[in-house]
Amino acid sequence: QVQLVDSGGGLVQAGGSLRLSCAASGSIFRISLMGWYRQAPGKQRELVATITSGGSTNYADSVKGRFTVSKGNAKNTVYLQMNSLRPEDTAVYYCNADVFVTLNRVSNYWGQGTQVTVSS
């Protein structure tokens with residue numbers, strides 16, 4: 001069994017910053033990809049940023065230059081540094097990971113979500 005625990009959300013004024021954290025634990029052989037998605041009320045869940053095990057990153061156009069995804073020093077952790085936050089960034093943010101539980105068996109997992117609210 002694999003668990004993702006994400007945290008770090010909160011209420012911040014426009015222009016402010018927040019840092020989200022995600023830690024994966026359980027029966028993990030290796031993780032090939034970790035990242036963040038978000039879902040605003042009445043909208044579909046959308047990709048925010050991802051990072052591969054090799055360190056390659058991918059960002060949604062709406063967050064490029066403001067958000068940074070990075071791997072933590074602790075194994076199987078990922079962060080999302082969010083700067084210059086805007087009211088439209090308000091959403092529940094979910095950690096996501098492609099986890100190999102054996103050499104050849106991969107499954108996708110989600111965190112429980114953390115609320116980010118940006119006030120104008």
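Biologist: Over the face of which residue does Arg19 lie?

Modeller: The model is a predicted one. A charge counts as sitting over a ring if CZ of Arg is within 6 Å of the ring centre and within 35 degrees of the ring normal. Arg19 is placed at 3.8 Å from a ring centre, and the ring belongs to Tyr79.

Biologist: Which residue has Arg45 over its face?

Modeller: Here the ring is that of a tryptophan, and Arg45 lies at 4.5 Å from the ring centre. The residue with Arg45 over its face is Trp110.

Biologist: Is Trp110 buried, partly exposed or exposed?

Modeller: Buried means under 20% relative accessible area and exposed means over 50%, with partly exposed in between. The relative accessibility of Trp110 is 37%, so Trp110 counts as partly exposed.

Biologist: What is the geometry of the aromatic pair of Tyr37 and Trp110?

Modeller: A pair of aromatic rings is described by the distance of the centres and the angle of the planes. The structure holds two aromatic pairs. For Tyr37 and Trp110, the distance is 5.1 Å centre to centre and the angle between the planes is 70°. Planes over 60 degrees apart count as edge-to-face, and the pair of Tyr37 and Trp110 is edge-to-face.

Biologist: How many residues apart are Tyr37 and Trp110?

Modeller: Tyr37 belongs to strand β4 (residues 30–39), while Trp110 belongs to strand β10 (residues 106–110). The pair thus links distant parts of the chain, and the separation is 73 residues.

Biologist: Which residues do the ring pairs link into a cluster?

Modeller: The rings of Tyr94 and Trp110 have centres 6.3 Å apart and planes at 90°, so this pair is edge-to-face. Tyr94 is in strand β9 and Trp110 in strand β10, so the pair ties together parts 16 residues apart in sequence. Tyr94 has 15% relative accessibility and therefore counts as buried. The cluster linked by ring pairs consists of Tyr37, Tyr94 and Trp110.

Biologist: Is the disulfide of Cys22 and Cys95 left-handed or right-handed?

Modeller: The structure holds one disulfide, and the sulfur atoms of Cys22 and Cys95 are 2.0 Å apart in it. Cys22 lies in strand β3 (residues 18–26) and Cys95 in strand β9 (residues 91–100), so parts 73 residues apart in sequence are tied together. Both Cys22 and Cys95 are buried. The torsion about their S-S bond is about -80°, so the disulfide of Cys22 and Cys95 is left-handed.

Definitions and conventions
Residues are numbered from 1 along each chain as its sequence is written. This is a predicted model: local features need pLDDT of at least 70, side-chain atom pairs count only at pLDDT 80 or more; totals for chains, interfaces and linings use all residues. Side-chain values use heavy atoms; hydrogens and water are left out. A disulfide is a pair of cysteine sulfur atoms within 2.5 Å. Helices (H or I, at least four residues) and strands (E, at least two) are DSSP runs, numbered from the N terminus. Buried means under 20% relative accessible area, exposed over 50%, partly exposed in between (1.4 Å probe, protein chains only). Rings of Phe, Tyr and Trp (its six-membered ring) pair if their centres lie within 6.5 Å; planes under 30 degrees apart count as stacked, over 60 as edge-to-face and the rest as tilted.
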